[in-house]
Structures are given as C-alpha cells and as structure tokens.
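Visitor: I'm new to this one. Could you show me how to read a few of its features?

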Amino acid sequence: MADEAIQAAAEQIERAQTDKALRPSIAGFFDESTNTVSYVIHDPATCEAAIIDSVLDYESASGRTSNSSANRIIEYVTSKNMKVTWLIETHAHADHISAAPYLQQKLGGKLAIGRGIIKVQDVFGKLFNAGTDFERDGSQFDRLFDDGERFSLGTIEGIALHVPGHTPADMAFIIGDAAFVGDTIFMPDFGTARADFPGGDARQLFRSIRRLLSLPDETRLFLCHDYKAPGRDEFAWESTVRQQRENNVHVKDGVSEHDFVEMRTSRDKTLSMPKLIMPSVQINIRGGRLPDPEDNGVSYIKIPVNAV
Ligand SMILES: [Fe+2]
C-alpha cells in the first residue's frame, strides 16, 4: 500500500518551500542538564504558537522541581505576544519531565501526543503497579494523534507521523516545511536514538527513520536531543534530510536494515539507563502531572527494585 501519510507530508513541505507564508518561525531552547531541545514554533501571520517537548527542571537527590526552563519559554512567548494553541510531546520521555501542564496553566493550549501513549501507559502502569485510579486510555491528554492526521498552527499546515522504534508511541510532527522528529535521528555525526526501552525496536526505528528520510531533501529537521560528538564542541539540533542521507553515521544512504539493527542492538547493550527514567516515565505517562498526593498531601515517585 502506498504510504499516503508520508506523501501528504512531502506535498505539505513542498508547498511551504515555495510559499514563505506557509513556513513557521522556530526557536530552540536547549536544556543542558538533560540534553533536551524544546521548541517554540509560531505562525508569523497569526502569532499562534506550538511548544514541543518542554522540560520541567528536577533535582533527583532532593526530589525538587523548578520551573526555570519553562519560565524562559513563557518569557519568550509573552514577549512576542504569541497565543499558544498546542503543547506537543513527541513521546513519553524517559530522560526529562515534561513541563506541559505548567505551561498549559500559564499559557493555554491543547496537550497532544501520539495515540500509542495508551500502549505505553499500559506497560508502565503495570511496571509501577499504578492503581486503578491511573487511567490507561490517554485521557490525560487533550488530543491523541494518529499517523497521517492533520492539524493547523494558525495559517500553517501540520501533519503527524507515527515513527515507532525508540518507543512504540513516538511521533514526528511536520509543521510547514519543518519536521520535529523527536527521538529518531540525532545530528549526523551522532547518529540515532536508542531502541532498548520497553516496547522499543531497532528494526522499527530503522524503518521509521528511512520513512522520514524519504521527505524532500531540503526539509528542515529539528531534533529532540544533542550530546555533541567527537570533534564538535557546540550543541546543535538542526539538520536537513539531505545532510542526514549523506552523512548520518548510523543510517546514511547505503546502510542496510540488517547492519543498522546489529549496530543499534550492540550499542544499546553498552548504554546505562537515563538518570531520570523513573521519575520521568511515571510523570510523563500522566501527561506531565505528578502522581496523586498521599494523605499527607505529598506526591511520591516509586522505584521498582530489580524489575527493569
Ligand atoms: Fe526519548
């Protein structure tokens, strides 16, 4: 069957490449403590804005959260008189806590993620032995996107693509001529995201990446993380389909699925779990909200012992 969703995304990108009015303005906010890039994307004509993959600061030794990263975004958005209509998560992150509920309270907007979050809620709901009060139906979010579903940001077109592999629920969001690819590919000199979390799959990741790399050559790609790379001392988070196809150290043109899967699988065996995986996942599957407080008014994060 023809891949209608990727075809529609490619046509949208081409329309935006020929008409400046269909291209969004994009600002990246890098959080050095989790190596995460959050994006504010806006339509210059209407000032409607989307915030993708925001970060809530969290200090794991003390269990304290703070809003300084999110406040930087709020300052930027309000200084430009933007109206936030979307708060988007590319997936349930395992390395940082989402600030989406805080941003929603301050700025408004609909909280959105891929429909696969339901599967992730089921897997991690069981792991954390969350009670029946934890709904596993995605109802913590305002909108669950399916592959190929369209949305808009002011006068700019958007389309959601399901790109599983890193997790079963990963989505990429194409807004005008720009693709926010979450944890699929990273900068060409760093490669790709890991695929060893529960529900992750290196073969699926390869197919999702090759699907994204079938988009037009000059598609702007915005990545969710950067870790620098040997020989590069600056953080970077933007590339193009052409640059990835020519230079990505894991998935450039010519690398076979078989070779990628072998490389990814053996590399993943050497990686330790992200520092914040336990708090991040427990909170992010709840749409970024803390678990319900206990009878003393305090929320607790659980750690399953010898279960992962
Ligand atoms: Fe991730």
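Visitor: Let's start with strand 10: how many of its residues are buried?

Guide: Keep in mind that this is a predicted model. To judge burial, count neighbours: a residue is buried if 20 or more other C-beta atoms lie within 10 Å of its own. In strand 10, residues 156-162, that holds for 7 of 7, so the strand is mostly covered.

Visitor: Which residues point which way from strand 10?

Guide: I156, G158, A160 and H162 point one way, while E157, I159 and L161 point the other way. Residues on both sides are buried.

Visitor: Which strands pair with strand 10?

Guide: Look for bridges. Strand 9 (residues 150-153) runs antiparallel to strand 10 and is joined to it by 4 bridges; R150, for instance, sits opposite I159. Strand 11 (residues 171-175) also pairs with strand 10 in the antiparallel sense, over 5 bridges, and there G158 has I175 as its bridge partner.

Visitor: What lies between strand 9 and strand 10?

Guide: A turn with 2 residues between the strands, which form a hairpin. G154 in that turn has a positive phi of about 60°.

Visitor: Which residue other than glycine has a positive phi near 65°?

Guide: That's C47, in the loop between strand 2 and strand 3. C47 counts as partly exposed because it has 15 C-beta neighbours inside 10 Å.

Notes. Residues numbered from 1 in each chain as written. Predicted model: local features only at pLDDT ≥ 70, side-chain atom pairs only at ≥ 80, totals over all residues. Buried ≥ 20, exposed ≤ 12 C-beta atoms within 10 Å, placed from the backbone. Pairing = 2+ DSSP bridges.
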